[in-house]
Amino acid sequence: MNLGKIVGGIFLMAFASCTLAESTNVKGKIIFTEGHRVPNCRTVQLESNTTKERLTFRIKDDEGSSDILSITLAALMGDREVLVTYDPEVTTGCGKDPQILYIRIH
């Protein structure tokens, strides 16, 4: 058995169960991002392609969130479209806005 495949499979199942349970997908462009110190988190706003609604998300400054932050910054600077997966009920703890669970640049 390949231990890497087993661990990868377990991670994939865990990720799928936490993102597919109550998650929402939206495709659009990042409009802005900003940060502040207390609490230490970032605010990101996305404009939906289909509804033109502006959705605000929070990215907490903790281990694991730097990947999401770097992708949002790359999408903003490159004026690229993204797909964001989030659960409206899951926040970062530094505001009422939902946390981004998954993001992909298109």
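Colleague: Which exposed residues does the face of H2 turned away from its buried side carry?

Modeller: That face of H2 carries Ser 66, Asp 67 and Met 77. Exposed means over 50% relative accessible area, buried under 20%, and partly exposed in between (1.4 Å probe, protein chains only). Helices (H or I, at least four residues) and strands (E, at least two) are DSSP runs, numbered from the N terminus. This is a predicted model, in which local features need pLDDT of at least 70 and side-chain atom pairs count only at pLDDT 80 or more, while totals for chains, interfaces and linings use all residues. Residues are numbered from 1 along each chain as its sequence is written, and side-chain values use heavy atoms, with hydrogens and water left out.

Colleague: Which residues of H2 are buried?

Modeller: An α-helix has 3.6 residues a turn, so residues three or four places apart point the same way. In H2, the buried residues are Ile 68, Leu 69, Thr 72 and Ala 75. They lie on the same side of H2 because they cover an arc of only 130° around the axis, the arc being that of the directions from the helix axis to the C-beta atoms.

Colleague: What do the buried residues of H2 pack against?

Modeller: They pack against strands E1 (24-36), E2 (41-48), E3, E4 and E5 (98-105). Contact means heavy atoms within 4.5 Å. Ile 59, in strand E3 (residues 54-60), touches Ile 68, Leu 69 and Thr 72, among others.

Colleague: Is Ile 59 buried or exposed?

Modeller: Ile 59 is buried, at 4% relative accessibility.
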